[in-house]
Number of protein chains: 2
Amino acid sequence: MEVFAVEGLPEVRRGDSVAELVAERADLQDGDVVCVASTIVSKAAGRQADLADFPASERAERIADGIADIAGEEKDPRFAQAVIEASEEILTEAPFILAVTRFGHITVNAGIDRSNVPGADLLLLPEDPTDCAERIRAGLAEHLGVDVAVIVTDTSGRPFRLGQRGVALGWAGIPAARDWRGESDREGRELGATVQAVVDELAAAGNLVTGEGAGGTPVAVVRGFDFGDHAGSDELYRPEDKDVVRDALREWSHVRD
Amino acid sequence: MEVFAVEGLPEVRRGDSVAELVAERADLQDGDVVCVASTIVSKAAGRQADLADFPASERAERIADGIADIAGEEKDPRFAQAVIEASEEILTEAPFILAVTRFGHITVNAGIDRSNVPGADLLLLPEDPTDCAERIRAGLAEHLGVDVAVIVTDTSGRPFRLGQRGVALGWAGIPAARDWRGESDREGRELGATVQAVVDELAAAGNLVTGEGAGGTPVAVVRGFDFGDHAGSDELYRPEDKDVVRDALREWSHVRD
């Protein structure tokens with residue numbers, strides 16, 4: 001399996017076709033997995049915004065005050081308002097805003113970015129990353145005649161472990177996970193609950209060759225990944241009734257109120 | 001960057017040298033990252049155990065009863081006892097046992113495995129995965145004269161997202177994370193809190209080519225990963241005072257008691 005970055009992409013602007021920009025620079029093959037950073041997907045989709053677009057509600061003011069009190073960090077209440085509007089639920093208001101985005105991803109600040117956004121204050125995540133992945137996939141098929149998988153990726157922190165790692169937000173042309181249940185170990189014992197979140201692992205692999213900042217290359221290709229003969233699943237975001245941690249965070253926030 | 005599995009490893013037994021087994025089968029180069037599944041590290045270190053080794057305490061009986069009540073799953077109280085003994089803290093007793101291992105990893109059942117363990121009921125995680133990684137690294141240097149990095153890996157579930165993905169338990173010859181803080185975006189704005197947990201991403205990349213079950217190959221090599229000119233950090237496990245989720249789970253468990 002090979003992982004490489006697509007070099008030479010320009011700064012992406014509102015209205016650009018990500019598929020076209022990639023197709024001009026990458027010699028893709030059938031079966032490739034193309035990992036596209038959500039930043040450029042958002043830029044092409046016009047998800048740039050300014051703080052002035054988000055007049056702060058009472059709740060946003062309260063969140064900003066709480067973060068100042070607990071974390072000692074100045075947070076613009078309009079930023080908190082942008083997070084509220086991008087979210088289905090706010091799980092914690094302080095020391096940081098942990099939010100459930102409308103498409104199910106749980107991340108700090110609903111994934112709203114304040115760096116790498118020319119001419120705007122903020123960059124929101126794509127509204128529907130799987131729809132974006134499907135469009136890019138169709139565009140690559142059209143431009144290059146290839147059948148590839150596309151993953152719209154982000155980097156995100158996580159409970160229990162420090163640091164960020166690449167994750168999938170949306171995907172097309174590949175199931176989110178492969179299912180080893182029902183298969184056996186060397187002793188013939190059935191494997192336990194083993195569902196492998198391959199799109200997240202592919203996003204992580206891609207992130208190793210892309211990187212952040214000025215030298216960042218927002219598109220990586222994984223070539224030669226073999227999904228194999230397994231059942232697939234498209235469930236990646238934990239449903240609420242199977243999410244003990246979400247439950248605990250709600251109670252914890254409630255106790256603090 | 002290239003990722004490939006090391007083929008032809010035999011079933012690993014107590015007392016085997018993992019470094020020797022890998023050195024005989026892989027043509028390694030300086031700078032390679034060798035991802036070794038904790039299962040074979042544990043087997044070589046004699047971490048096989050039987051349920052009979054863990055007479056159930058009152059707490060273990062209570063945990064097994066709670067899991068039967070809440071999750072409707074029969075759990076052997078001796079298994080719960082094994083988890084208790086491998087852990088520094090039990091964060092949740094039901095619907096599953098979420099434990100902090102003595103070396104800081106937070107995972108269900110303290111990572112104790114019930115499949116792929118010939119001649120024993122259980123396989124415990126290595127006691128000190130970073131020490132294991134250092135020994136394997138030294139062994140590979142001795143046998144092949146190469147300077148490689150070694151990551152002892154596991155697959156593990158996580159909050160918010162379904163499915164398992166490869167993670168690092170211990171590492172040697174590479175920092176756990178690379179630090180992009182202080183570097184700038186294309187507009188010259190400083191990047192925010194961007195510390196990339198590269199050992200986890202490398203473990204995830206390796207896991208894409210290894211796999212579970214009878215056909216599983218427990219060692220993968222990542223070739224051509226460029227750490228680049230960044231500050232490194234060896235902090236991967238979140239310290240307690242920076243772990244809101246751990247805090248919330250403790251309160252949640254307390255409320256349920």
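Modeller: Buried area is the accessible area, taken with a 1.4 Å probe, that two parts lose on being put together, summed over both. The model is predicted, so local features need pLDDT of at least 70 and side-chain atom pairs pLDDT 80 or more, whereas totals for chains, interfaces and linings use all residues. Residues are numbered from 1 along each chain as its sequence is written, chains are lettered from A and ligands numbered from 1 in the order written, and side-chain values use heavy atoms, without hydrogens or water.

Between chain A and chain B about 6,400 Å² is buried, and carbon and sulfur atoms give 56% of that area. On the chain A side 73 residues are in contact with 74 residues of chain B (heavy atoms within 4.5 Å). Arg158(A) and Asp200(B) form a salt bridge, with 2.6 Å between the closest N and O atoms.

The elements of chain A that give two or more residues to the side touching chain B are strands S1 (2-5), S9 (165-172) and S11 (195-196), together with helices H6 (198-210) and H7 (244-256). Helices (H or I, at least four residues) and strands (E, at least two) are DSSP runs numbered from the N terminus. By class, this side of chain A has 38 nonpolar, 15 polar and 20 charged residues.

Helix H7 of chain A also holds Arg250(A). Its side chain forms a salt bridge with Glu89(A), the closest N and O atoms being 2.6 Å apart. Because Glu89(A) lies in strand S4 (residues 87-92), the pair ties together parts of chain A that are 161 residues apart in sequence. Arg250(A) has 27% relative accessibility and counts as partly exposed, as does Glu89(A) at 22%; the class lies between buried (under 20% relative accessible area) and exposed (over 50%), with a 1.4 Å probe and protein chains only.

In chain B, the side chains of Arg250(B) and Glu240(B) meet in a salt bridge of 2.6 Å, N to O. Arg250(B) lies in helix H7 (residues 244-256) and Glu240(B) in the loop between strand S13 (231-233) and H7, so this pair ties together parts 10 residues apart in sequence. Both residues are partly exposed, Arg250(B) at 26% and Glu240(B) at 44%.

Over all chains, a search of the whole structure finds 28 salt bridges.

Technical notes: Salt bridge = Lys/Arg side-chain N within 4 Å of Asp/Glu carboxyl O. Nonpolar A, V, L, I, M, F, W, Y, C, P; charged D, E, K, R; others polar.
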